[in-house]
Amino acid sequence: MFTKNKYFNKNNALKLTVYAIIIGIFWIKMSYIQSNIFSLNVENANEASILAFNPLSSIFLIFGLGILLGGRKGMFVSYILGSVLLYVNVLFYREYNDFITIPMLSQVANLAGMGGSIKTILETTDILLFVDVVIAAVLLFYLKSDRLTQFMPKRREGFLLALLAVPLFIVNLQWAETERTDLLERTFDRNMLVKYIGLINYHVYDAVLQGKTEMKKTLADSNELVPVINYMNENKKEDSDRLEGVAEGKNVIALSLESTQTFVVDNTLHGEELTPYFNDLKEKGIYFDNFYHQVKQGRTSDSEFLLANSMYPLNRGAVFFTHSGNDYEAFPSLLKENGYFTNVMHANDKTFWNRNVMYDSLGYDEFYSKEDYEITEEKSHGWGYLDEHFFADSLNKMKDMEKPFYSKMITLTNHYPFSLPEDKKLIEEGETSSGTLNRYFQTIRYQDEALKQFVEEFKQSELYDDTILVIYGDHFGISENHQEAMGEYLGKEINDYEQFQLQRVPMLIYGKGIKAEKNHTVGGQIDLRPTLTNLLGIEDSNPVQFGQDLLAENRRQLMVTRDGDFANENYVGIQGVCYDRETGEEVPSEDCAPGFEAAEEELNVSDSVIYGDLLRYLKETEMVTPEENTKDS
């Protein structure tokens, strides 16, 4: 029987003191990481207090479970696992400015191809993040041997600690909702979730979300596709006849430029143009200057998904991993039905980002991967095959391809950590406070020179008369972690609006018969597929597409990001704040309300299709048109 005098003796006091010290040092470490390594945008004293408080419930939970299951050994295992979880998130955040989700854990195979990037994001001072583990080991295992028996598994102690986590979390959540109501509904904003409920609690919540996600496909049926198609019909615009079929029967080369943002176009460094060739080339085709990437955690693979399906990627993980077995009505399959030989060219491992599996689902005929190129050490650097050699070899392959063909090309060299051999550096490094940005200028300049060699050789080949080039950036290269340096380079403060505008990527359609124009329509990667089908004069029978032809004069100008932000012809909406799109000045929030509502609905409908694998029911789902309904009656 538990009594106060029996329990609070000298030895138990020592044990409780050790518990308190270990919990305290882990809380200090977690608070330091959340406050100083992650950029959580703490705006006031109340948010700072919440950030300091939120580690406690998760610490009590993991240490309580550790003690419950294994006493001092269990507590130490919890300490190690918690420390590893924190550090892995630190590394991931440095690279992606985001936090790990459970779907991302399925992508650990990608680490084999990220050696250079991982070495760059490691820092010598990181060893200090594990000094506390040694202290915990000393406290738990190197006390006097006769006192170690006090740390034998105590179910009551572990259970009470874990139980205390519940009221602590409730207090945490209610306190957090004084700053942000309906917090747990904002699953797309992981920075906000970590700021208000803490990193470990966020991971527990992410596990709950994953469980719900797994159930959606299991419980889905064909009836769920009906409201999706109805939504599509309600938002559908009439097909445009502008440039319709201008590229009918032609080959298509879709060139995805790694980590390329629009801010480098027509810009200079040390008085030299960063993209001199592209600056000239864009004047000879249709150039879109308000074109945004729309990727999330899947990065390049997300941009591929957007083009192939005209659907949004997922907020958590990459569709290429999490839903590669779904049924899709993808663009490569459509082109194959129309007589095209469809292929991807990417000089990387076939398994990277699960491409070898996903490409089959998308309907590609061929994947020219690393093994299909004569890659040597002299022709490689950083992430692999240098762009100039990749372009030259790929063009040679295209010359021998069955016509017409659709080739999706993905470059490599302009990839974090943005390094080059000395003889490939065509411009001096930048002089900002960010080494990453400084090197980025060099790889961008190299990429432009490699592009020049490719396009000029293409123009001299027999392909030129019967091929269109679609050149676009796949996603950002410089994350918001480098805002200060970006501000130094651009000569202005990088606020939320400016950061949003930095998510624009180049987009150019070029080829014989394509008249030059500068197009200001607001669009994104989700619009690529309907634009290309219009140019090719191909009827696309897939009713589940969220993009619209970028060349249509009556198109709905709405670009939605995976975070629920948006841009249209008048406004930019970011996390509930509304800005004038032209001036960047903040305007009344009600001006953006329709845009936020449309963005939320659009993302929810797209997610329902992917999570439920609803396109598997497309052939058996018949929509009754008004005319059919009249006949039946």
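This is a predicted model: local features need pLDDT of at least 70, side-chain atom pairs count only at pLDDT 80 or more; totals for chains, interfaces and linings use all residues.
How many aromatic pairs does a search of the whole structure find? I got 34.

**Entry: F26 and F63**
I picked out F26 and F63, which make an edge-to-face pair. Their ring centres are 5.5 Å apart, with 70° between the planes. Next I looked up where the two rings come from. F26 belongs to helix α2 (residues 10-37) and F63 to helix α4 (residues 55-96). That puts them 37 residues apart, so I noted the pair as a link between distant parts of the chain. Then I checked burial: F26 and F63 are both buried.

**Entry: F321 and W353**
I moved on to F321 and W353, another edge-to-face pair. Here I read 6.1 Å centre to centre and 65° between the planes. F321 is in helix α14 (residues 319-322), while W353 is in the loop between β6 (341-345) and α16 (355-362), so the pair ties together parts 32 residues apart in sequence. Why do I call W353 buried? Its relative accessibility is 8%, and the cut-off for buried is under 20%. F321 counts as buried too, because its relative accessible area is 16%.

**Entry: a ring cluster**
Which residues do ring pairs link into a cluster? I wrote down F263, Y416, F418, Y440, F441 and Y489.

**Entry: lysines over rings**
Last, I looked for charges over tyrosine rings. I found K282 over the face of Y287, 5.4 Å from the ring centre. I also found K397 with its charged end over the ring of Y373, at 4.9 Å from the centre.

Technical notes:
Residues are numbered from 1 along each chain as its sequence is written. Side-chain values use heavy atoms; hydrogens and water are left out. Rings of Phe, Tyr and Trp (its six-membered ring) pair if their centres lie within 6.5 Å; planes under 30 degrees apart count as stacked, over 60 as edge-to-face and the rest as tilted. Helices (H or I, at least four residues) and strands (E, at least two) are DSSP runs, numbered from the N terminus. Buried means under 20% relative accessible area, exposed over 50%, partly exposed in between (1.4 Å probe, protein chains only). A charge sits over a ring if NZ of Lys or CZ of Arg is within 6 Å of the ring centre and within 35 degrees of the ring normal.
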